[in-house]
Amino acid sequence: MPEVAQAERAAQLAATVLRGIDDVFPLVEGLYVDLHRNPELSHAEHRTAGAVAEWLARSGYEVHQRIGGTGVVGVLRNGPGPSVLVRADMDALPVEENTGLPYASAARGVDDNGAEVPVMHACGHDAHVASMLGAADLLAEAREHWRGTLVVVAQPAEETLDGAQAMLRDGLYDRVGRPDIVLGQHVGPQPAGMIAHRAGVILGASSVLRVRIFGSGGHGSAPHTTVDPVVLAANIVTRLQGIVAREVSPTEMAVVTVGVLQAGSRPNIIPDEANLEISVRAFDTTVAAQVDAAIERVIRGEARTAGAPREPEIRRDEGTVTTHNEPDATVGVATAHRAYFGTAHVLDLPDPLTGSEDFPQLALPDDPEPIPAVFWFIGATPHDVWEQAPGDTPAEKLRHVPSNHSPLFAPDREPTLRTGIAALTVAATTYLDPASGESTASQASARASAAEPVQPATPPGGQPVVPDPASTQAADMNALLDDGTDGTDGTGDAYAPEVPADEPGENGAAPVAPTQPPTGPSTPLPPPEGAPVAAPPPDSGEDPPYQL
């Protein structure tokens with residue numbers, strides 16, 4: 001675990017790196033708006049991957065493409081030292097956006113069943129990618145101040161929980177080496193500018209069961225001549241609700257959600273079959289296995305009771321383990337975040353969250369010596385939305401603000417992106433070595449000259465709400481959107497990243513040779529005209545607090 005002095009060193013090194021944030025931020029913001037307007041479903045992140053590859057190549061990274069499908073990895077080898085992996089996910093969701101933002105998505109895609117669906121970045125992966133590329137650009141520009149290897153991973157298919165494993169199976173660590181630490185972050189519904197940590201389990205394990213149940217179809221006027229799979233499916237859904245209530249210990253956590261129930265085509269036809277898709281989540285793998293077994297028992301039992309002509313087909317899709325933050329590494333990153341942002345901006349989650357991630361797969365949890373990993377959350381809710389939400393406590397307000405996967409989820413751009421860039425940079429500098437002879441005094445001077453912080457709204461257990469500046473959510477849209485619409489570059493031509501073609505090698509695609517660093521993304525968007533909202537800089541006091 002880094003000592004207090006090491007956390008202060010990490011914050012000072014990060015402050016040196018982040019001196020260029022105002023220069024790169026307009027490009028980061030423009031990229032974010034572009035990604036938000038042009039989301040792509042899991043396993044189809046081709047346009048996004050192209051933009052990532054070009055950005056990294058122009059920033060001087062060795063770029064590997066098409067790892068595990070559309071995955072992209074940039075490697076910056078900067079002398080001897082630790083290898084630090086930072087990761088962002090790229091995929092969007094089949095959700096129709098209803099935010100009313102001027103850069104709202106109108107994109108359509110084709111899902112796994114071949115159906116055309118609306119597509120939205122309803123989980124904030126566009127912010128993850130933009131923030132990571134901003135941090136990668138700044139760390140490349142400031143490479144004379146640190147030593148080590150930085151591995152930047154743009155991962156596909158997080159929403160289907162198989163993207164990280166696909167990259168590993170395609171030889172991710174064979175190509176770039178096994179890292180010493182794995183770092184990741186996720187936007188959430190907390191007030192924009194907040195950072196939330198938790199040592200140990202922070203997210204639950206998850207699996208998906210896809211179920212096909214069979215009946216005997218017939219005319220809707222003669223149900224007595226059929227075995228109705230719709231009624232059978234309804235009974236299964238109802239019976240599943242008793243598993244958590246009556247079979248899981250009250251001291252444990254489990255969630256069973258039937259998110260898909262499909263059957264039939266006409267109201268006067270009883271179909272032959274019905275399909276269910278069931279999500280299971282738990283904080284303990286033993287509990288998850290217990291729930292999976294109970295679900296299968298209920299499905300097969302209900303089918304026998306109904307007289308189904310065939311046994312149900314039950315397929316368990318690849319799930320993910322709990323997201324477990326290595327305790328010492330988490331304390332180290334959280335302490336460095338407090339040293340940089342101040343304690344008012346960083347909180348500790350009292351309990352794990354019931355969501356799931358495939359991020360922990362990158363830490364090789366089944367390996368005899370897993371890689372330490374740290375995953376944290378950054379708030380994204382505009383402060384005016386937070387303050388107007390019903391409720392007297394943060395927990396009550398969280399139930400009333402748009403959350404991840406909602407068609408109304410709309411992160412506040414500037415404070416969310418600036419906090420994301422800074423948080424990832426600070427975490428990376430916690431483990432990268434400072435360059436020999438690096439002047440602590442010069443770093444402290446850079447730190448003292450940073451901008452004033454954005455004041456966050458009330459965190460859980462925090463102080464009364466401090467009003468923030470007016471939201472920048474819809475500011476300067478003419479400038480940000482004049483690159484064209486529907487994925488064009490402003491000339492009516494489709495966006496096409498100019499990344500050098502790479503030839504397949506022994507493990508797939510060969511790396512792209514880095515070009516001159518850095519000139520920004522392939523379609524640089526004009527910066528906003530208004531004054532930027534500064535991300536929270538480090539405290540300027542002599543003795544920043546380090547308590548967790």
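How many bridges join S6 to strand S19 (residues 433-434)? Two bridges join them, and the strands run antiparallel. Within this pairing, Arg147 stands opposite Asp433 in S19. Two strands pair if DSSP finds at least two bridges between them. Strands (E, at least two residues) and helices (H or I, at least four) are DSSP runs, numbered from the N terminus.

The model is predicted, so local features need pLDDT of at least 70 and side-chain atom pairs count only at pLDDT 80 or more, while totals for chains, interfaces and linings use all residues. Residues are numbered from 1 along each chain as its sequence is written, and side-chain values use heavy atoms, with hydrogens and water left out.

Strand S6 (residues 146-155) has other partners too. Seven bridges tie it to strand S2 (residues 71-78) in an antiparallel arrangement, with Val72 partnered by Ala154 of S6. Seven bridges also link S6 with strand S3 (residues 83-89), this time running parallel, and here Leu85 stands opposite Val151. Nine of the ten residues of S6 are buried, meaning under 20% relative accessible area (1.4 Å probe, protein chains only).

Turning to the helices, the axes of H3 (residues 46-58) and H4 (residues 125-141) come within 10 Å and cross at roughly 10°. Axes are lines fitted to C-alpha atoms over the stretch in contact, and angles run from 0 to 180 degrees between N-to-C directions. H3 and H4 are therefore roughly parallel, the term for angles under 35 degrees. Val52, Trp55 and Leu56 in H3 meet Val129, Leu133, Gly134, Ala136 and Asp137 in H4, where contact means heavy atoms within 4.5 Å.

How values were computed:
Angles under 35 degrees count as roughly parallel, over 145 as roughly antiparallel, 65 to 115 as roughly perpendicular and the rest as oblique. Buried means under 20% relative accessible area, exposed over 50%, partly exposed in between (1.4 Å probe, protein chains only).
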